[in-house]
2 protein chains.
Amino acid sequence: MDNIGAMPSKPSARPPRRDTYTPESLLAVAVEVFNERGYDGTSMEHLSRAAGISKSSIYHHVRSKEELLRRAISRALDGLFAVLDEPEANEGRAIDRLEHVTRRTVDVLTAELPYVTLLLRVRGNTRTERWAMERRREFDHRVAELLKAAVAEGDLRADLDARLTTRLLFGMINSVVEWYRPLPGGASDGARVADTVVRLAFEGLRKQ
Amino acid sequence: MDNIGAMPSKPSARPPRRDTYTPESLLAVAVEVFNERGYDGTSMEHLSRAAGISKSSIYHHVRSKEELLRRAISRALDGLFAVLDEPEANEGRAIDRLEHVTRRTVDVLTAELPYVTLLLRVRGNTRTERWAMERRREFDHRVAELLKAAVAEGDLRADLDARLTTRLLFGMINSVVEWYRPLPGGASDGARVADTVVRLAFEGLRKQ
């Protein structure tokens, strides 16, 4: 339980202040700053200060702040959409596929926490943000379709509106970014969280 | 379903630009601006422009921006804590009390949407924000206690961690502010949303 604090913890210490960055490690710093200050509130100057390298060094790695946003969001989206391509998401009864997707979505969320946090916070002021929102809707739509298929196959209750239920399911899943933090040393107990989400969503609180 | 859009809708039109404000109607404008710009990003100048009255007219109603925040958050908290004082939250089996509190929390959230949205977004930079977060924790704690009591009475499944489950339950409930909008004319279908939340949380998706 140590990783479950009442409030989000402070961001972890930043990399050493030398330009030993790879595109990936620079991205990790940028995502941290975007999540702290908001994308709109972040300037190249902020990124330069957080990374401890000059703006021109940053421009050596990327063309723009928006490119960093696009790369970060791609990482989150690639992880989420990859779940939909897994065999377990495509074979068998819809209820089992839906359960697999629910569990693996939580896995991706905890494994790629800062990237998914950023994805969930974008609000559509730039082309990249509008694209991110469009892809999120597409993901949600694919899950809603699974949910409808599971109702049609008679495994999910039919007395709940599919769209509203999908929203609430994602509301529960996505809320994990608000408080989940990896264990010290980077270990994850994301599997425990994923398991609880699945049991709560599919079986409910009430003892059968 | 018309009130459930894929993305949050634009804020509604603002009141006429004359100082015919009461403390309540000025508060409604302020909350709208806080939710749009963030509390930190809102100046008295922004409030003056949004309300269409001078800053000194605003100071006729309130002493400071923080007073507006405190009043707005109090309105949300008063609504939420009043639920815990209702007879149905205090009599009978814990599972029924928990179900009542869940349902009524969603009711308050939809009825007091902008105020609860603001409450859920505060992050603790001022004394008022820290107080708001403390009160939220207190509310969550009271609900977690109900959940534990329902497990002890044998009505809720015992295989879920109470703290994690409470977080996920509130994650689902609180996500409603992200997409819920009142019907045109101000009518509410909050009761339908509350009913779906209760069924999903207590019975789960799977057909029994």
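Reply: A word on exposure to begin with: a residue is called buried when its relative accessible area is under 20%, exposed when it is over 50%, and partly exposed in between, using a 1.4 Å probe and protein chains only. You are looking at a predicted model, in which local features need pLDDT of at least 70 and side-chain atom pairs count only at pLDDT 80 or more, while totals for chains, interfaces and linings use all residues, and side-chain values use heavy atoms, with hydrogens and water left out. Residues are numbered from 1 along each chain as its sequence is written, and chains are lettered from A and ligands numbered from 1 in the order in which they are written.

Now to the interface itself. Contact here means heavy atoms within 4.5 Å. Chain A brings 45 residues to the contact, and chain B brings 45 residues. The size of an interface is often given as the accessible area lost when the parts come together. That buried area, found with a 1.4 Å probe, is summed over both parts. Between chain B and chain A it is about 4500 Å², and carbon and sulfur atoms give 60% of it. Leu168(B), Leu205(B) and Arg206(B) supply 18% of the area that chain B buries against chain A, more than any other three residues.

Which helices of chain B each supply at least two residues of the side that touches chain A? They are helix 5 (94-111), helix 7 (127-152), helix 8 (162-174) and helix 9. Helix 9 of chain B gives the most to that side, with nine residues. By class, the side of chain B that touches chain A holds 22 nonpolar, eight polar and 15 charged residues. For these classes, Ala, Val, Leu, Ile, Met, Phe, Trp, Tyr, Cys and Pro count as nonpolar, Asp, Glu, Lys and Arg as charged, and the others, Gly among them, as polar. The helices come from DSSP runs (H or I, at least four residues; strands are E, at least two) and are numbered from the N terminus.

Next come the links across the interface. A polar contact is a pair of N or O atoms within 3.5 Å; within protein, one must be able to donate a hydrogen and the other to accept it, and residues adjacent in sequence count only if both atoms are side-chain atoms. There are 20 residue pairs in polar contact between chain B and chain A, counting pairs with both residues at pLDDT 80 or more. Side chains of opposite charge can pair when their charged atoms come close. A salt bridge here is a side-chain nitrogen of Lys or Arg within 4 Å of a carboxyl oxygen of Asp or Glu. By that rule, eight salt bridges cross the interface of chain B and chain A, and the count over all chains is 40.

Glu203(B) is partly exposed at 22% relative accessible area, and Arg206(A) is partly exposed at 23%. Salt bridges that share partners also join Glu99(A), Arg103(A), Asp195(A), Arg199(A), Glu203(A), Arg157(B), Asp159(B) and Arg206(B) into one network.

Arg71(A) and Glu67(A) form one, with their closest N and O atoms 2.6 Å apart. These two residues are four residues apart in helix 4 (residues 65-85) of chain A, so about one helical turn separates them. Arg71(A) is partly exposed at 27%, whereas Glu67(A) is buried at 7%. Another salt bridge, at 3.5 Å from N to O, pairs Lys55(A) with Glu45(A). Lys55(A) belongs to helix 3 (residues 55-61) of chain A and Glu45(A) to helix 2 (residues 44-51), 10 residues apart. Lys55(A) is partly exposed at 38%, as is Glu45(A) at 34%.

Finally, here is one stop in chain B. Pro114(B) sits in helix 6 (residues 113-121) of chain B and is partly exposed at 35% relative accessible area. Its C-alpha atom is 6.8 Å from that of Glu32(B), 82 residues away along the chain. Leaving aside residues up to four places away in sequence, Pro114(B) touches Val31(B) and Asn35(B).

Technical notes: Buried area = accessible area lost by both parts, 1.4 Å probe.
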